[in-house]
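Please look over the sequence and the model before reading on.

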Amino acid sequence: MDRRLTARGQQRRRQLMDEAARRFAANGYDQTSVAEIVDGLGVGKGVFYWYFASKDELMGDILRDAQLDLRRAQNAAIRDEPDPVRRIALGIRASIAWLSAHRELFTLFESAALDERFRPILRNNQDVAVADVVRHLEEAVRAGLIADADPIVVAHAILGVTNQLARAFVLTRGDDWEAVAEGAIAFCLGGLAGATPAHDRRVLVG
């Protein structure tokens, strides 16, 4: 819903999104009603429908807002790094740190990926993420830092490793995100057969 909101209106909208995200993650999207969301904040349904046309719109806005916040964290982490290989490593680290800090949103990403109503939102974000990694990979190849390979395949592999390790060890097991990030970086930079290049090991220890 396209409204020009005051600062107070933006705060209320944020409160609704945060309460909904918490309840969706804990109880499931379909199992959570608008009534439960507004009851949790002590407001009426009229307040909800002032900001969102439907629960589906709310969920879509939560996902888009979360993806934007994740992208900001990634960009902040790599912004001042000239080395494209280190940018990839720092991006992996920033991604796993963000997913650890926002586990309820990570849970929503996981459930939304299985829901046709919201899958296109996540697919669009994945396309953007792949394009970002491809850019770093192509720059690294031109600089002679990594072997030449299909950058789209490699980008998908890096994102897949990052997401799977975060899912299995941070979200599911609650392991320390920094250790998981170090493992993801070591594998993505070194692969199965090679050790992590010396100039990249400093990424692993911060």
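A pocket is an open set of points on a 1 Å grid over the protein atoms alone, where a 1.4 Å probe fits and protein lies on both sides within 12 Å along at least five of seven lines; its lining residues have an atom within 4 Å of a point. The model is predicted, with local features needing pLDDT of at least 70 and side-chain atom pairs pLDDT 80 or more, while totals for chains, interfaces and linings use all residues. Residues are numbered from 1 along each chain as its sequence is written, and side-chain values use heavy atoms, without hydrogens and water.

**Pockets**

- The second largest pocket is lined by 20 residues, and Leu137, Ile146, Val154, Ile158 and Cys188 lie nearest its centre.
- Its lining comprises 17 nonpolar, one polar and two charged residues (nonpolar: Ala, Val, Leu, Ile, Met, Phe, Trp, Tyr, Cys and Pro; charged: Asp, Glu, Lys and Arg; polar: the others, Gly among them).
- Helix H8 gives the most to the lining of the second largest pocket, with five residues.
- The largest pocket has 34 lining residues, of which Leu70, Asn125, Ala129, Leu159 and Asn163 lie nearest its centre.
- In the largest pocket the lining divides into 14 nonpolar, 12 polar and eight charged residues, and H7 provides the largest share, 11 residues.

**Helix H5**

- Helices are DSSP runs (H or I, at least four residues), numbered from the N terminus.
- H5 covers residues 84-101, 18 residues in total, and reaches 26 Å from its first C-alpha to its last, close to the 26 Å expected at 1.5 Å a residue (the expected span is 1.5 Å times one less than the number of residues).
- Because 16 of its 18 residues are buried, H5 is largely enclosed by the rest of the structure (buried means under 20% relative accessible area with a 1.4 Å probe, protein chains only).

**Aromatic pairs**

- Five aromatic pairs are found in the whole structure (rings of Phe, Tyr and Trp, the last by its six-membered ring, with centres within 6.5 Å; planes under 30 degrees apart are stacked, over 60 edge-to-face, the rest tilted).
- The ring centres of Tyr29 and Phe118 are 5.2 Å apart with planes at 80°, so this pair is edge-to-face.
- Tyr29 is buried at 8% relative accessible area, and Phe118 is buried at 3%.
- Trp98 and Phe109 have ring centres 6.1 Å apart and planes at 15°, so they are stacked.
- Trp98 belongs to helix H5 and Phe109 to helix H6, 11 residues apart.
- Ring pairs also link Phe24, Tyr29 and Phe118 into a cluster.

Terms used:
Helix = DSSP H or I, 4+ residues; strand = E, 2+ residues; numbered from the N terminus. Buried < 20%, exposed > 50% of the residue type's maximum accessible area, 1.4 Å probe, protein only.
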